[in-house]
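User: I would like to learn how to read the fold and the core of a model like this one, step by step. Could you take me through it?

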Amino acid sequence: VQLQAFGGGLVQAGGSLSLSCAASRRIFSSNIVGWFRQAPGKEREFAASIRWGRGSTYYAESVKGRFNISKDSAKNTATLQMNSLKPEDTAVYYCALGSTLSYSPSEYNYWGQGTLVTVSS
């Protein structure tokens, strides 16, 4: 399966951006779609995920209350709505597909190419 992430860009602090992740084939109910981010010089970290079947959502503490992950099963697309953005949210954002609910990147089997989000102060 191929994942394509898009929607990044430059935004001022306090602004919003929406990222989308489109899969090349059907996402199964047992799948987990996650969003990770990697800032310059830092390790890739978990941001949010959604259990495809139930729609259960999970967030890192650093984004809870500001980010919202959702799904469109008909389009095999997951969206990460990011609000109240901060300069520390600046990173390359990756979407990933796995079968295990996990905050670890190693548990995800398929990755999108990444999209850059830059938040200016």
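Predicted model: local features only at pLDDT ≥ 70, side-chain atom pairs only at ≥ 80, totals over all residues.

User: What part of the contacts in the protein with a separation of 6 or more comes from residues 24 or more positions apart?

Analyst: Such residues account for 54% of those contacts. For the surface, the accessible area comes to about 6100 Å², of which 46% belongs to carbon and sulfur atoms, while buried residues make up 41% of the 121 residues.

User: Which residues have the most contacts inside the largest nonpolar core?

Analyst: The general idea is that in soluble globular proteins nonpolar side chains tend to be buried together. Here the largest nonpolar core has 33 residues, and those with the most contacts inside it are Trp35, Phe67, Leu80, Met82 and Tyr93. At least two residues of this core come from each of β1 (3-6), β3 (17-23), β4 (32-38), β5 (45-51), β7 (67-72), β8 (77-82), β9 (91-98) and β11 (115-120), and β9 gives the most, with five residues.

User: Which residues does Phe67 touch, not counting those up to four places away in sequence?

Analyst: With that exclusion, Phe67 touches Arg37, Tyr59, Leu80, Gln81, Met82, Asn83, Leu85, Asp89 and Tyr93, a list that can be set beside the core residues Leu80, Met82 and Tyr93 named above.

User: Is Tyr59 buried or exposed?

Analyst: To decide, one compares the relative accessible area with the cut-off for burial, which is under 20%. Tyr59 has a relative accessible area of 15% and is therefore buried; this residue lies in strand β6 (residues 57-59). Leaving aside neighbours within four places in sequence, Tyr59 is in contact with Phe46, Ala47, Ala48, Lys64, Phe67, Asn68 and Ile69. The C-alpha atoms of Tyr59 and Trp35 are separated by 9.5 Å, although the two residues are 24 residues apart along the chain.

User: How far apart are the mean positions of the positive and negative charges of the protein?

Analyst: For the 12 positive and 7 negative charges, the mean positions are 8 Å apart.

Terms used:
Residues numbered from 1 in each chain as written. Heavy atoms only, no water. Buried < 20%, exposed > 50% of the residue type's maximum accessible area, 1.4 Å probe, protein only. Contact = heavy atoms within 4.5 Å. Areas by Shrake-Rupley, 256 points an atom, 1.4 Å probe, with all protein chains shown as cover. Lys, Arg positive; Asp, Glu negative; His and termini not counted. Charge placed at Lys NZ, Arg CZ, Asp CG, Glu CD. Core = buried A, V, L, I, M, F, W, Y, C linked by side-chain atoms within 4.5 Å. Helix = DSSP H or I, 4+ residues; strand = E, 2+ residues; numbered from the N terminus.
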